[in-house]
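Welcome! Please have a look at the picture below before reading on.

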Amino acid sequence: MNRWIFKFARRDARGSIGRMALFISSMVLGVAALVSINSFGDNLRQAIDAEARTLLGADLSFESSRPFDDSVEAVIDSLGGLQSRRTSFSSMAYFPRTNTARLVTVRGHEDGYPYYGSIESDPPEATGTYLQGRGALVDGTLMQQFDIRVGDSLRIGLNAYRIEGRLVQTPRESAAIMLFSPRVYIPLAQVDTTLLAQGSRATYEVYFRFEDGRDADAIVEDLGPSLREARVGTDTVSEEQGVWSRALTNLYRFLGLVGFTALLLGSLGVASSVNVYVRQRIQTVAVLRCFGASSWSTVGVYLIQAFGMGLLGAVLGSLIGVGIQSFIPVVLADFLPVDVTFSISWGAVLLGSGVGLGVTLLFALLPLLSVRKISPLSALRSEYDTSGNTKRDPLWWLSVFVVIVGMSVFAIIQAPSLQFGIAYTVAILFVFLLLAGTARLVMWLLLRRPPSGASYVIRQGVANLYRPHNQTLMMVLALGFGTFLVTTMLLSEQTLLGQIDLATGGDRPNLVFYDVQPDQVEDVTSAISSASLPVLDNVAMISMRVLSVKGTTVEEMRADSTLSLSWAHRREYRSTYRGELIDTEVLVEGSFAGSYSGSGPIPVSIESDVASELHVEIGDELIFDVQGIPVTTEISSVREVNWQRMQTNFFFVFPKGSLESAPATHVVMTRTESEEESAGIQSTIVQSHPNISSLDISVVLGVFEAIFSRVAFVARFMGLFSVLTGLIVLSGAVLISRFQRIEESVLLKTLGASRKTVLRIMSVEYLVLGVVGSITGTILALGAGWSISRWVFEASLVIEPLPIGLVAVSVVALTILIGRLNSRGVYDKSALEVLRSEL
Amino acid sequence: MEKVLTVTNLSKTYQSGSKSLTVLDQVSFTLKRGDTCAIVGPSGSGKTTLLGLCAGLDTPSTGSVTLCGNVLAELSEDERARVRNEHVGFVFQSFRLIPTLTALENIMVPAELRGKTDARPLAEKLLLDVGLEERSDHFPAQLSGGEQQRVALARAFINRPDVLFADEPTGNLDTETGDHVIDVLFQLNKTAETTLVLVTHDRDLSLRTNRIIRLKGGRIVEDSAAENNGLSASSVQPVGAANE
């Protein structure tokens, strides 16, 4: 019997390859997406492993936000090996030839670094020459934006430098990071030390190379506690490798999940085409049953065919996936710290093919189970069909359960995190169930309340939606899911971009000057006023750290493993003092103290998130280290802050009369209406006060949009798999129903219906399907968009009706177009040909 | 002679909403090896239902069918399939050849299902017997109706069945082709000593069998075997009236 199953499956499949092509095509792209992303992920891991040392550029690094104190210097000295220092800080770079200025990250380097890998520049020799005198290497994109050339001069602080070359590739930094803050490399010895004065943000690093093969991780473990005490962070090759590996694994896993969505959508196509395939095989199965085939052996025949087709689809998908894989590094180039070389990952190919094959078999099994129910009596009476009542079959429900569990487990394994995997599974199930429910509801409503007063064409077209063997469910799923994906992406983009408009719109400031020393405030504000620009904000900022919380010092907490230390304990705060709340703040607890009498702890207002991180409430004591001086405070109020507004917002606000004598820097804000105005005032202030930095929000916006467009491109690239699969499933559903409606068209033709009438009936059907699919998809996308904006972006949903409406209308138009294209020739079939053919 | 098919008080009732419809009512008869029997009667009289029940394609509401010693009601669906494979052959009105298999492969199906290793030579021999040796690689769509039915006959006989059930075997054929197919059917039947059960509207065909059972409204209204035995002569009409 077993041999017969294989033999018959092979023979029977010969004549069905064409129809089975639909089956294969709907899951090919999903497999391709999975294979390409996972294979790329393996390549990426290999690249990171191979270039682990170049990621750090050394064996070990120390990092601190203040110059290393004597004890740390002693440790550095004792470690020996090759050492190279680097100091990084943000500052304005002024380019005299073009009279432009831009906030950059300056890196002052000593010779030697990187010990592994290299800094790549154009021209290549510039990586050596810039360290000889007062040379500089400047980020290539920045040079292009500001029309800066090699040989031009550049001023940072009071020092001028000659640009020796453009930076092409640097250790630890991807192109995306560079976009946020362009890099300028200068010799460490040539840094204008006045820029590193008290209050400025700088990072001091020392890089080690141990040629004696010492274990950097062991050194870190040994020295860790004392270095942490001195607020020195450490980094080793394995830590750096781990950080990149985790971040990039999350990225490609997320993309893999998008690919998996395409596979899921394709699997619906599989189920649909197998369903129709089974219906076309009822007579064959009945005859086989008459001649003695058992019910499971007939299921086995078609399961083997499904396996064969699934395998073929998996192989095709893998081939396409490997082809696509070579493009992914190009798509993701800006986010990668290493060059990824192409190689086929057989593990990924096996996984993608295996999942594709598994999904195909599971989804094919659902309709195939009905084969068991085909009675041999159907061979005698063709109208006798017992295959349809699968919903009462416990095995069918068991298979549905296995499908859901299988999908969920894979999604959770593939997702960047457990929560993400669960959320994805629930969301996908919810969307699919809702779409299926809508399709069923529409069929039920149309059956109960058909448009009886409408014309024959409309009545017939609508009736096609609920007649036996209709494709309504499949079409609504494919159309609805496609619309849902595209519209959700669109809504997310609109919401994000809307946030930027909200942040900078109206009369809000869009140009910020910071690191303004108290004695420079008057100069800066008068320069702004002279340029006929408004001074919208002028706020003092004082740097401080938390020393103790409710009587326990942070050091004590660090030593006690039972207490948890968060970022709120460790970070450096910039706080201000003022007499009132501003419009981005809402008081949620206590009362805001606007002034301080001078005795007792200072009443401070704390931001709500920090309050919960520090586990403090009204009346609790906090002691701050304000640049060496302990300042005792008491929480008097808790505020919620809208961080998305372009405003000087703070975690801690002190009352007037408390911090006026502390060393402060000021932030001055204004609003410019044009690029020229912005460049003019920045240039004026940077030239007269080189220590002051400025941030033009429109430039940040530009950078954000550039990054966002790259992210959106990647998302669209992966989303494309799902949309294309949706179109294939849609075409498949239309083609499948074509086989069924040829007979009906011929009958209508015989009874006197014109070509126009037949085509109009079909158009009405596709119009209704398109409208139902696109409306349901759009409504679901609005729900998803709202959830994403609420929980991910923490913003209100921005809906621009025109593009969303355009997507919905396009889906309807596309449905009618595909329906009409795939139905062409239906009317041209001769009655005799149709009646004779085995449909 | 050995009893091959015993039908006892066979009834079949379908439930349609709150109504029940009896399509077969207390039917009994017995057939021995080599018997040829025609079941005749008007449309809706229960002929095909009776055939389906006799072959174990369906289960009766009451009564029993014993096929080659197997009480069908006691068997599961798959066990009945095994009994059909071992003892039964079928010929259908619309041939029911599997469209994706060639003529030869169609004939081989029952033998292969039985696990026979010599299915191919057996099928080739039968193809020769039905005069279609030149058409072995043709698919059903490439054969005429008569040729398709001859392939179906070869398929029905490949396992040398004890009983052959034929449902209107000439119903889809013109007279000349039908006659040729019936000649082949009776020739094969004679060679294989098969019991033949025919459902037909064709008077001439029914006259070629040695027993005729006439159904009306689900009941046997005439059984030529009974007439010959003198059991119910008063109710028996002339056999030739079957199609009148």
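## Getting oriented

Two residues are in contact if their C-beta atoms, placed from the backbone, lie within 7 Å. Among contacts in chain A between residues at least 6 apart in sequence, 84% join residues at least 24 apart. This is a predicted model, in which local features need pLDDT of at least 70, side-chain atom pairs count only at pLDDT 80 or more, and totals for chains, interfaces and linings use all residues. Residues are numbered from 1 along each chain as its sequence is written, while chains are lettered from A and ligands numbered from 1 in the order in which they are written.

The C-alpha trace of chain A spans about 100 × 65 × 55 Å along its principal axes. Chain A has 26 helices and 21 strands; helices (H or I, at least four residues) and strands (E, at least two) are DSSP runs, numbered from the N terminus. Of its 839 residues, 43% count as buried. A residue is buried if 20 or more other C-beta atoms lie within 10 Å of its own, exposed if 12 or fewer, and partly exposed in between, with C-beta atoms placed from the backbone.

## Strands side by side

Let us start with the strands of chain A. Two strands pair if DSSP finds at least two bridges between them. In chain A, strand β9 (residues 202-209) runs antiparallel to strand β1 (residues 60-64), and five bridges join them. A:Phe62 has A:Val206 in β9(A) as its bridge partner. Strand β2 (residues 82-95) of chain A also pairs with β9(A) in the antiparallel sense, over eight bridges, and here A:Ser88 is partnered by A:Thr203.

Chain B has an open sheet of four strands in the order β2-β1-β4-β5, with antiparallel pairing. β2 (19-32) and β5 (70-71) of chain B each have a single partner strand, so one side of each is left without a neighbour in the sheet. Ten is the number to look for between strand β1 (residues 3-16) of chain B and β2(B), which pair over 10 bridges. There, B:Leu5 stands opposite B:Leu31 in β2(B). Helix α1 (residues 47-54) of chain B lies across β1, β2 and β4 (62-67) of chain B, at about 120° to β1(B); axes are lines fitted to C-alpha atoms, for helices over the stretch in contact, and angles run from 0 to 180 degrees between N-to-C directions.

## Where the chains meet

How many residues of each chain are in contact with the other? The contact involves 24 residues of chain A and 27 residues of chain B. On the side of chain A, the elements that give two or more residues are α1 (2-14) and α10 (282-290).

In chain B, helix α2 (residues 77-87) has several buried residues, including B:Arg80, B:Val83 and B:His87. The cover over the buried residues of α2(B) includes α10 of chain A, along with β4, β5, β6 (88-91), α3 (103-113) and β7 (163-167) of chain B.

## The nonpolar cores

A nonpolar core is a set of buried Ala, Val, Leu, Ile, Met, Phe, Trp, Tyr and Cys residues joined through C-beta atoms within 7 Å. In the largest one, of 208 residues, B:Ile39 and B:Leu153 touch the most other members. Helix α9 (residues 237-280) of chain A gives the most to this core, with 19 residues. Domain 1 (54-243) and domain 2 (456-507 + 699-839) of chain A both give residues to this core, so it lies between them; the domain bounds come from an automatic or database domain assignment.

Not counting residues up to four places away in sequence, the residues that B:Ile39 touches include B:Leu50, B:Val197 and B:Ile213.

## Backbone details worth a look

One runs from A:Tyr113 to A:Pro114, with omega near -5°, and A:Pro114 is in the loop between β3 (100-109) and β4 (120-122) of chain A. Another joins A:Asp122 and A:Pro123, with omega about 0°; A:Pro123 lies in the loop between β4 and α5 (126-129) of chain A.

A:Asp147 is not a glycine, yet has a positive phi of about 55°. A:Asp147 is exposed, with 11 other C-beta atoms within 10 Å. A:Asp515, also not a glycine, has a positive phi of about 60° and lies in strand β11 (residues 511-516) of chain A. A:Asp515 counts as buried, with 23 C-beta neighbours inside 10 Å.
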